[in-house]
Amino acid sequence: MIQRALWTTALLAVATPPAWAAEPIRIGLIAPFSGPFAEYGKQMQAGMQAYVKLNGDTVAGRKVEVIVRDTTGPVPEVAKRLAQELVVREKVDFLAGFGLTPEALAVADVATQAKKPMIVMNAASSVITTRSPYVVRVSMTLPQITVPIAGWAAKNGIKKVFILVSDYAPGLDAEAAFRKAFTGAGGEIVDAIRVPLRNPEFAPFIQRVKDARPEAVFVFVPAGEQGIAFMKGFQERGLAAAGIKVIATGDITDDHVVDAMGDAAVGMITSFHYSAAHDSPENRAFLKAYGEVAGGAGRANFMAVAGYDGMAAMYEAARKLEGRLDGDRVVEALKGWKRESPRGPISIDPETRDVVQTIYIRRVEARDGHNWNVEFDQTAPMKDPGKA
Amino acid sequence: MVARLAGVLFDGIAYGSLLYLVSIGLSVTMGLMRFVNLAHGAFAMLGGYLSVALVRQGVPFLATLPLVFVAVALAGGVLERALYRRLYRAPQLDQVLFSIGLTFMAVAAATWVFGPSQQPVRLPEPLRGQIRLAGLDLGRYRLFLVALVAALAILLRLLVERTRFGARLRAAVDDPAVAAAMGIDVARVSAVTFALGTGLAGLGGALGVEVLGLDPTFPVKYLVYFLLAVVVGGAGSLQGTAVAALALGVFDVAGKYYVPQLGAFVIYALMVVLLVAFPAGLYGRRA
C-alpha cells in the first residue's frame with residue numbers, strides 16, 4: 001500500500017510538479033521594528049538574512065520567502081492580529097521572531113489553532129514553550145542565563161550580594177532565580193530592590209546599594225536606557241572603588257550597546273549564551289555574513305544569532321520533511337535537533353522544545369578602544385532550570 | 001545618618017535644578033502667555049540631540065552648551081513666529097492638539113535621524129566622578145549642575161524684575177491690550193520670551209542627557225515631570241516653579257532612597273497633597 005502510494009506520488013511528481021514544490025516556503029517574522037525595541041526586529045532579520053546569504057534562498061526545492069511584520073513594541077494584541085493575518089492571508093508555513101514575552105504569549109494560541117510551528121527568537125520567559133505544543137525556542141530562557149552567574153559568584157568568594165532588578169515580570173523572574181541559586185550555594189542576599197521601569201533618576205537606588213556595602217550587586221534591567229543609566233550611576237558614585245562588583249546577565253552588556261557604555265562597563269562580569277567575541281569558525285563565518293547583509297548597523301548581538309539559528313532550524317525541518325511542511329511534523333523533526341551555532345553547540349530539548357546550550361561567564365574588556373564581552377568560564381550544556 | 005540625609009538632599013537638589021531649568025520656559029508660556037505648550041519637552045530633546053551631535057563632531061561638551069542654547073532659542077523663535085502665534089487666541093483644546101501633534105512629529109523625526117536607542121554622552125574628565133566635601137561624597141557633575149542653574153535663576157530674576165524688557169514683559173502679561181496701547185510691541189515681547197524659554201529647555205535637555213538619558217521618546221516620557229513642576233509651582237511664577245521643582249527633586253530622591261518599595265510613587269502622592277492644599281499652585285496668581 002505504502003509502496004504503491006509512494007510510486008503514485010513519484011509519478012505525479014514527474015508528470016506535474018505538485019503544488020507544494022511551486023509554492024515558496026513562507027516565513028512570517030513578527031517582531032518590533034519601530035519604537036524603543038526596534039533594534040530587536042532589525043537584529044533578528046539581519047541574522048536570518050545572514051543565514052540565507054551563506055546557505056542560499058532555496059531549500060528542499062522550495063524558495064524561502066520572509067514576510068516581515070512590525071509589532072511596534074510589546075503590544076500583544078497587535079502581535080496576535082499580525083499572526084492571524086499571516087496565517088490566513090499569507091498562508092505562512094512558519095511563525096517566527098517574537099522580541100518580547102507578551103508578543104510570544106499572545107501568538108501561542110494562534111499557533112496552536114492554526115497548527116503552525118512557532119520559532120521563538122528572543123522572548124525569554126520560561127513559560128512560553130508550555131503555552132503551545134508548536135513552540136520551539138532557539139534563543140534562551142531567563143533562568144538559564146541567571147543561574148550560572150549565581151553559581152559563579154558563590155564559587156569565587158562572593159558572599160554578600162545586593163539584588164537590583166526592574167519591577168516587571170522578567171526582573172522578578174531573574175530575582176527569584178538568582179536568590180534561589182545563590183542562597184542555595186551558601187551566599188547571603190543583603191537586600192533587594194525593584195526599580196520602576198519608568199524611572200528618570202537612578203542615583204538614589206545606587207546610593208542605597210553603596211551604603212549597604214555588599215561584595216557585589218546583581219543587576220537585571222532592560223538593556224539600553226536603564227542599563228546605561230545604571231552603569232553611569234555606578235561609575236559616578238564610585239562603587240567600584242568601594243569594592244563592589246557588578247554581576248549581571250549578559251543582556252545588560254549586549255554586544256550591540258556594550259561599546260556605547262564606554263569605560264563604565266569595563267570589568268563587568270556577566271553570564272550569557274552569546275558573545276560576538278566568541279572564538280570559533282562558526283562565529284567568524286556568521287559575523288562576516290552579518291557584516292555583509294547589515295553593514296553599518298552595528299555589531300551583531302544574541303538576537304541576530306537567534307535569527308540565524310532560527311533560520312537554520314527552519315531549513316533543517318524543510319530538508320528533513322523534503323519540503324512537505326506541516327506543523328506537527330516540523331515540531332517532531334526539530335526535537336533533539338543539534339547544531340554548531342556561532343554561540344557554541346546548541347540543541348532542542350525533545351521534552352520541552354526549549355533550547356539546551358552552554359552558558360559562558362564573561363568580563364567586559366577594552367581591546368583596541370572597543371568593548372568586548374570576553375568569555376573566561378563556561379557551564380556544561382544546560383536545559384532551562386525554570387522548568388525543572 | 002546625617003551625612004546620608006545631606007547626600008540625599010544634595011542629589012535631590014541637583015535633580016530638582018534640572019527639572020527647574022527645563023520647566024521654567026513651560027511655566028512662562030503657560031502662565032504668562034496662556035498657551036498650553038505640550039511640545040515643550042521636544043525643545044529639551046532637540047537641545048540634547050544637538051549637544052550629542054556636536055560632541056561627536058569634536059566640540060567640547062561645555063562649549064556645546066551656549067551653542068545649544070542659542071540654536072534652540074532660534075528654533076523656538078522661528079516656530080513661535082510661524083506657528084504658535086496663530087494659536088494664542090485659540091481655545092486651549094486646539095493648543096493642546098497642536099502641540100501634542102508637534103511632539104509626535106519631533107519623536108518621529110528624532111527616531112528617523114538618530115535611531116531609537118539611547119544616546120551615550122561622555123563628560124569631560126573634570127566633571128566625572130565624585131569629590132569629598134565636608135565628609136560628603138558629592139558628584140562633580142551634580143555640583144556643576146546646581147551651580148549653573150542657581151546662576152541662571154538669579155540672572156532670570158534680575159532680567160524680569162530689573163530690566164526694561166522685564167517691565168515690558170510684566171506689562172504685556174498683565175494686560176496685553178493696555179500694554180499695546182502704551183506702545184509696547186506685545187508680539188515681539190512674546191516672541192523673545194518664547195525663544196528664551198525654549199532656549200533654556202534646550203540647555204536643560206543638553207545638561208540632562210547625563211542624568212535623564214536621551215532617546216526619541218524623551219518629550220513624552222518626561223512631560224509629566226515638567227508639567228508637575230509647573231502646576232505645583234503655579235503657572236507663570238518663576239519662584240513657584242523653582243520651589244516646586246526642588247521639592248519634587250528632593251522628595252523623589254528621598255522616596256527612592258528610603259522607601260524603594262514605593263519607588264517613584266512618592267512624588268505623585270506629594271503632588272496630590274499639594275494640589276489639594278494649593279489648587280492654583282504654591283505661588284499661583286489666578287484663583
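Two strands are said to pair if DSSP finds at least two bridges between them. The legends below apply this term to a predicted model.

**Figure 1. The open sheet of six strands in chain A.** The strands of this sheet follow the order β2-β3-β1-β4-β5-β6 (chain A). The sheet is open, and its pairing is mixed. Strands β2 (58–59) and β6 (135–137) of chain A each have a single partner strand and stand at the edges, so one side of each lacks a neighbour in the sheet.

**Figure 2. Strands β5 and β6 of chain A, joined by bridges.** Strand β5 of chain A spans residues 118–120 and runs parallel to β6(A). Three bridges join these two strands. In one of the pairs, A:Val120 has A:Arg137 of β6(A) as its bridge partner.

**Figure 3. Helix α3 of chain A against the sheet.** Helix α3, residues 38–55 of chain A, packs on the sheet. The helix touches β1 (25–31), β3 (62–70) and β4 (94–97) of chain A. Between the direction of helix α3 and that of β1(A) the angle is about 155°.

**Figure 4. The surroundings of these elements in chain A.** Chain A contains twelve helices and 16 strands. Its radius of gyration is 22 Å, close to the 21 Å given by the globule rule for 388 residues, so chain A is as compact as a globular protein of that length. Along the principal axes, the C-alpha atoms of chain A fill a box of roughly 80 × 40 × 35 Å. Of the 388 residues, 55% count as buried. Among contacts between residues at least 6 apart in the sequence of chain A, 71% join residues at least 24 apart.

Notes:
Residues are numbered from 1 along each chain as its sequence is written. Chains are lettered from A and ligands numbered from 1 in the order in which they are written. This is a predicted model: local features need pLDDT of at least 70, side-chain atom pairs count only at pLDDT 80 or more; totals for chains, interfaces and linings use all residues. Helices (H or I, at least four residues) and strands (E, at least two) are DSSP runs, numbered from the N terminus. The radius of gyration is taken over C-alpha atoms; the globule rule is 2.2 Å times the number of residues to the power 0.38. A residue is buried if 20 or more other C-beta atoms lie within 10 Å of its own, exposed if 12 or fewer, and partly exposed in between; C-beta atoms are placed from the backbone. Two residues are in contact if their C-beta atoms, placed from the backbone, lie within 7 Å. Axes are lines fitted to C-alpha atoms, for helices over the stretch in contact, and angles run from 0 to 180 degrees between N-to-C directions.
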